[in-house]
Amino acid sequence: MTNQEKIKNAFERNREAVELKPSVGQSTGKSTIRVRDGTTCEIEGSGWNLTADMGTESGGNNAGPGPGVFERAALGSCLAMGYVQKAAVMEVSVEKIEVEVETDFDARGMLGIEERLPGFTAVRYEVYIESTEPEAKVKK
């Protein structure tokens, strides 16, 4: 079985299960974050252990990517996985999928220079798909 067949079968099986019993498709996610050694955060969730931190220029230990990297990674990987699933379900052959996520950030709120919420001021992404299929089929 190819990866595409495996993904399509799982998608269809899950869709059928949720159609029959909608509560199967509803859940709660939980992650636990523990701060150690200043700004280093140990993240535990769904059987995974990750580390996040701030760079040394911000007073951190640079022990792992910062939250912005994780936020962009979460959005980009969610989009990429969605395209992979949809391609499998539609039986569109895909050789490569790449998602670039850019964010703009204004640190003035975080640093207390202005009364504004810290965070991204803009989010942009581009998706690149390589396929031997006709362009119209891929765009669909």
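In the predicted model, N62 has a relative accessibility of 52% and therefore counts as exposed, the threshold for this class being over 50%. N62 belongs to the loop between β3 and α2. Its backbone adopts a positive phi of about 55 degrees, although N62 is not a glycine. The loop between β3 and α2 also contains S58. With a relative accessibility of 43%, S58 falls into the partly exposed class, because that class lies between 20% and 50%. From S58 to V69 the sequence separation is eleven residues, and the C-alpha atoms of the two residues are 15 Å apart.

Helix α2 comprises 23 residues, 67-89. The buried residues of α2 are G68, G76, L79, A87, A88 and V89. Among the elements that cover these buried residues are helix α1 (3-20) and the strands β4 (96-105) and β5 (120-130). Just after α2, a positive phi of about 55 degrees is found at E91.

A view of this region from α1 is provided by K8, which lies in that helix. K8 has a relative accessible area of 16% and is therefore buried, the limit for burial being under 20%. Apart from neighbours within four places in sequence, the contacts of K8 are with A88, V89 and E91.

The largest pocket has a volume of about 370 Å³. Its lining consists of 16 residues, and those nearest the pocket centre are G66, P67, G68, F105 and M110. Helix α2 supplies five lining residues, the largest share from any element.

Three strands are arranged as an open sheet in the order β1-β2-β3, with antiparallel pairing. β1 (32-36) and β3 (48-52) are the edge strands, each of which pairs on one side only. Direction ignored, neighbouring strands of this sheet are turned against each other by 20 degrees on average.

The antiparallel pairing of β1 with β2 involves five bridges. Within this pair, T32 has E44 of β2 as its bridge partner. The two strands form a hairpin with three residues between them, and D37 in the turn has a positive phi of about 50 degrees.

Strand β2 (residues 40-45) is likewise joined to β3 by five bridges in the antiparallel sense. In this pairing, C41 is placed opposite A52 of β3, and E42 is placed opposite T51 of β3. β2 and β3 also form a hairpin, here with two residues between the strands. S46 lies in the loop between β2 and β3 and has a positive phi of about 55 degrees, despite not being a glycine. At 72% relative accessibility, S46 is classed as exposed, because this value is over 50%.

E126 is located in strand β5, one of the elements that cover the buried residues of α2. Its relative accessible area is 46%, so E126 is partly exposed. When residues up to four places away in sequence are not counted, E126 touches E98, V99 and E100. E126 and R34 are 92 residues apart along the chain, and their C-alpha atoms are separated by 33 Å.

Notes: Residues are numbered from 1 along each chain as its sequence is written. This is a predicted model: local features need pLDDT of at least 70, side-chain atom pairs count only at pLDDT 80 or more; totals for chains, interfaces and linings use all residues. Side-chain values use heavy atoms; hydrogens and water are left out. Helices (H or I, at least four residues) and strands (E, at least two) are DSSP runs, numbered from the N terminus. The expected span of a helix is 1.5 Å times one less than its number of residues. Buried means under 20% relative accessible area, exposed over 50%, partly exposed in between (1.4 Å probe, protein chains only). Contact means heavy atoms within 4.5 Å. Two strands pair if DSSP finds at least two bridges between them. Axes are lines fitted to C-alpha atoms, for helices over the stretch in contact, and angles run from 0 to 180 degrees between N-to-C directions. On a 1 Å grid over the protein atoms alone, a cavity is a set of points where a 1.4 Å probe fits but cannot get out, and a pocket is an open set with protein on both sides within 12 Å along at least five of seven lines; lining residues have an atom within 4 Å of a point. Grid points are joined across faces, edges and corners, and a volume is the space filled by probe spheres set on the points.
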